[in-house]
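The sequence and structure are shown below.

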Amino acid sequence: MVSISLRNRTSPESAADAFLDAIDLKILRVLQQDSVIANQALADEVGLSPPACLKRVRRLRATGVIQRSVALLAPEALGYPLLTVVRIKLDRPREKTMRDFERRMGEQPRVAQCLTVAGDIDYVVLVRSKDVAHYQEFARHVLATAPGIRSYISDIVLEIPKWTTEIPLQ
């Protein structure tokens with residue numbers, strides 16, 4: 001049995017600790033591959049009755065182990081094939097400056113990820129664009145005008161050999 005400490009911001013009634021057994025881990029492995037699998041098929045896959053399986057999935061959601069279910073879309077098919085990794089250094093990384101920057105990035109629909117990091121830079125931001133000119137427009141209108149940014153470096157991603165949303169479950 002695995003004990004995982006959780007802090008779920010979306011569910012105030014969530015348990016502080018979730019205890020995951022082998023069946024819970026099987027359920028999570030399957031759901032990471034296909035979150036819209038029918039409960040009957042999931043139950044068959046993990047060796048439970050459908051009501052017992054549904055009860056476990058509901059518990060995993062209530063405790064925050066399953067945060068949400070989403071559809072993963074193909075950016076290329078939707079006209080956003082360019083991924084840019086932007087490394088950002090703030091002028092003064094103080095609490096207010098950081099929160100203002102994070103809020104600004106959160107408002108940008110083309111920002112796929114905004115990560116606070118330790119080291120020589122303060123943030124890594126992943127930006128989706130139609131092409132280089134489209135990214136350049138983002139850099140000029142969003143990054144260059146954002147208060148508090150000392151510098152940024154943009155790296156165009158040429159290829160993505162691996163990209164996953166799955167968490168390894170041992």
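Predicted model: local features only at pLDDT ≥ 70, side-chain atom pairs only at ≥ 80, totals over all residues.

D24 lies in helix α1, which covers residues 22-33.

## Two arginines from helix α3

R56 and D24 form a salt bridge in which the closest N and O atoms are 2.8 Å apart. R56 belongs to helix α3 (residues 50-62) and D24 to helix α1, so this pair ties together parts that are 32 residues apart in sequence.

D24 also meets R59 in a salt bridge, with an N to O distance of 2.7 Å. R59 lies in helix α3 as well, so its contact with D24 in helix α1 ties together parts 35 residues apart in sequence.

## A pair within helix α4

The side chains of E102 and R99 form a salt bridge at 2.5 Å, N to O. Both residues sit in helix α4 (residues 95-106), 3 residues apart, and are therefore separated by about one helical turn. E102 has a relative accessible area of 24% and is partly exposed. R99 is also partly exposed, with a relative accessibility of 40%.

## Network and total

Through shared partners, salt bridges join D21, D24, R56 and R59 into one network. The structure holds 12 salt bridges, including the R56 to D24 pair, the R59 to D24 pair and the E102 to R99 pair.

Notes
Residues numbered from 1 in each chain as written. Heavy atoms only, no water. Salt bridge = Lys/Arg side-chain N within 4 Å of Asp/Glu carboxyl O. Helix = DSSP H or I, 4+ residues; strand = E, 2+ residues; numbered from the N terminus. Buried < 20%, exposed > 50% of the residue type's maximum accessible area, 1.4 Å probe, protein only.
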